[in-house]
Amino acid sequence: MRNLDHACARLLDGYRAVAAGDMSALPGFNPALTLEAVGFRDWEGHGLGVLIAPWFMNLILLPGPDDDWTGIDPREGFGFFYGLRFPL
């Protein structure tokens, strides 16, 4: 099992930069919440967990050590969509 602390710290750093912008102007912004990476663990070679922000809560999939996601340009948006099947 790999340590996901570094990956979660990088994820939070990126969203802190977003939060420093105009996110507080969103109607759903809840100032009682802080950015938090919750329950991240290895799942099928990736990091999987929940990102809580004052404006949303999302399930996040992080690249695993063998993944090459260099072709994904973050300037094109905050990610991409890919269908996955989770166990029931």
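Predicted model: local features only at pLDDT ≥ 70, side-chain atom pairs only at ≥ 80, totals over all residues.
On one side, strand 1 (residues 36-43) runs antiparallel to strand 2, and six bridges join the two. On the other, strand 2 and strand 3 are also antiparallel, this time with seven bridges between them. Leu-48 of strand 2 shows both pairings: Arg-41 stands opposite Leu-48, and so does Leu-61 in strand 3. Strand 2 is also mostly covered, with seven of its eight residues buried.

The turns can be read off next. Strand 1 and strand 2 form a hairpin with two residues between the strands, and here Glu-44 takes a positive phi near 50°. The hairpin of strand 2 and strand 3 likewise has two residues between its strands.

Then there is the packing. The largest nonpolar core holds 14 residues, and those touching the most other members are Leu-11, Tyr-15, Leu-35, Phe-40, Leu-51, Trp-55 and Ile-60. Helix 1 gives the largest share, at five residues.

Leaving aside residues up to four places away in sequence, Leu-11 touches Phe-40, Leu-51, Ile-60 and Leu-62. Of these partners, Phe-40, Leu-51 and Ile-60 are, like Leu-11 itself, listed among the core residues that touch the most other members.

Definitions and conventions: Residues numbered from 1 in each chain as written. Heavy atoms only, no water. Core = buried A, V, L, I, M, F, W, Y, C linked by side-chain atoms within 4.5 Å. Buried < 20%, exposed > 50% of the residue type's maximum accessible area, 1.4 Å probe, protein only. Helix = DSSP H or I, 4+ residues; strand = E, 2+ residues; numbered from the N terminus. Contact = heavy atoms within 4.5 Å. Pairing = 2+ DSSP bridges.
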